[in-house]
Amino acid sequence: MTKQKIGILGAGTMGSGISQVFAVNGFDVALIDISAAALERAINTVEKSLDRLLSKEKITAQQKNDALSKIKIGQDLASLADCDVVIEAATEDLELKLALMAQLDTIVRPEAILATNTSSISITRLASATSRPERVVGLHFFNPVPLMALVEVISGLQTSEAASSSMDALAKEVGKTPVKVKNSPGFVVNRLLCPMLNEAVFALSENLATASEIDEAMKLGANHPIGPLALCDMIGLDVQLAVMQVLFESYKDSKYRPAPLLVEMVEAGYLGRKTGRGFYRY
């Protein structure tokens, strides 16, 4: 059976990771971004990631070369026209995602599935921007994509069972464990995780302990593999803030209010690992 062709719109951290996962599993991938620099960084990131797997003897040199050859980069959305599945992996911004979904709808053939890697935005809302809402599905991978097993498969109000099931099967085909989730702000993981990270920022701002002490306490006391503030740095403080804003605006509940320190750090450009500074320096 011929493998589906996968399109990925957005060559950031998530887009590059998703590209790698599909390429390693033998899929042809079209990775598209308006920024040539972002595309170059994405390919370099994938190559370094594959080199780490090669050094650990988890893949062979031939498998690395084959995977890299599967990823075709470009800046023209028209390159996605013949894809069977297109995964939107742009910045977590509602208006941007609505515009991209509407644009993809006019480019990608009608029978193709439009998926989104949004971490918190309503699938129902994004699907409404297209003429094929029954074929719009949330496909939420987690960072770092090559290592994290989970994929949330989210159905909007309009999503057909056939579309949801096909994405469930696709996730399994690339070695992931899918969990089917109904559309709701933050879905499952981020609805539980992000408020905890936000509370850690509150604790830091109240000088309950230092960042390293808060992280050490959660690792030793809750058996977490990484502390909440270090995890926030890895996710990106801007992404964490965006999710908290969606939760706060959606539920109108003060327990989702973003920590003022988080807002200020994002305003300062301290976004975590990707900028070299967050709650820690890198």
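Analyst: Ser 49 is in contact with Gln 20 and Pro 146, leaving aside its neighbours within four places in sequence. Contact means heavy atoms within 4.5 Å. This is a predicted model: local features need pLDDT of at least 70, side-chain atom pairs count only at pLDDT 80 or more, and totals for chains, interfaces and linings use all residues. Residues are numbered from 1 along each chain as its sequence is written, and side-chain values use heavy atoms, with hydrogens and water left out.

User: Why is Ser 49 called buried?

Analyst: Buried means under 20% relative accessible area, exposed over 50%, partly exposed in between (1.4 Å probe, protein chains only). Ser 49 has 11% relative accessibility, so Ser 49 counts as buried. Ser 49 is found in helix α2 (residues 36-55). Helices (H or I, at least four residues) and strands (E, at least two) are DSSP runs, numbered from the N terminus.

User: What makes Ala 127 buried?

Analyst: Its relative accessible area is 0%, so Ala 127 is buried. Ala 127 lies in helix α5 (residues 123-127). Not counting residues up to four places away in sequence, Ala 127 touches Pro 133, Val 136 and Gln 158. Thr 60 is 67 residues from Ala 127 along the chain, and their C-alpha atoms are separated by 40 Å.

User: What makes β1 and β4 a pair?

Analyst: Two strands pair if DSSP finds at least two bridges between them. Four bridges join strand β1 (residues 6-9) to β4, and the two run parallel. Gly 7 stands opposite Val 86 in β4. The bridge partner of Leu 9 in β4 is Glu 88.

User: Which strand pairs with β4 over four bridges in the parallel sense, and what is the crossover?

Analyst: Strand β5 (residues 113-116) pairs with β4 that way. The bridge partner of Glu 88 in β5 is Thr 116. The chain crosses from β4 through helix α4 (residues 94-107) to β5, and this β-α-β crossover is right-handed. Right-handed means that, with the strands pointing away from the viewer, the path from the first strand over the helix to the second runs clockwise.

User: What covers the faces of β1, and where does the chain go from there?

Analyst: Ile 6 and Ile 8 on one side and Gly 7 and Leu 9 on the other are all buried, and both faces of β1 are covered. The chain crosses from β1 through helix α1 (residues 13-24) to β2 in a right-handed β-α-β crossover. Ile 6 stands opposite Val 29 in β2.

User: How do you know that the chain agrees with a compact globule?

Analyst: The radius of gyration is taken over C-alpha atoms, and the globule rule is 2.2 Å times the number of residues to the power 0.38. With 282 residues, a compact globule would have a radius near 19 Å; the chain has 19 Å, so the two agree. Buried residues make up 46% of the 282 residues in the chain.
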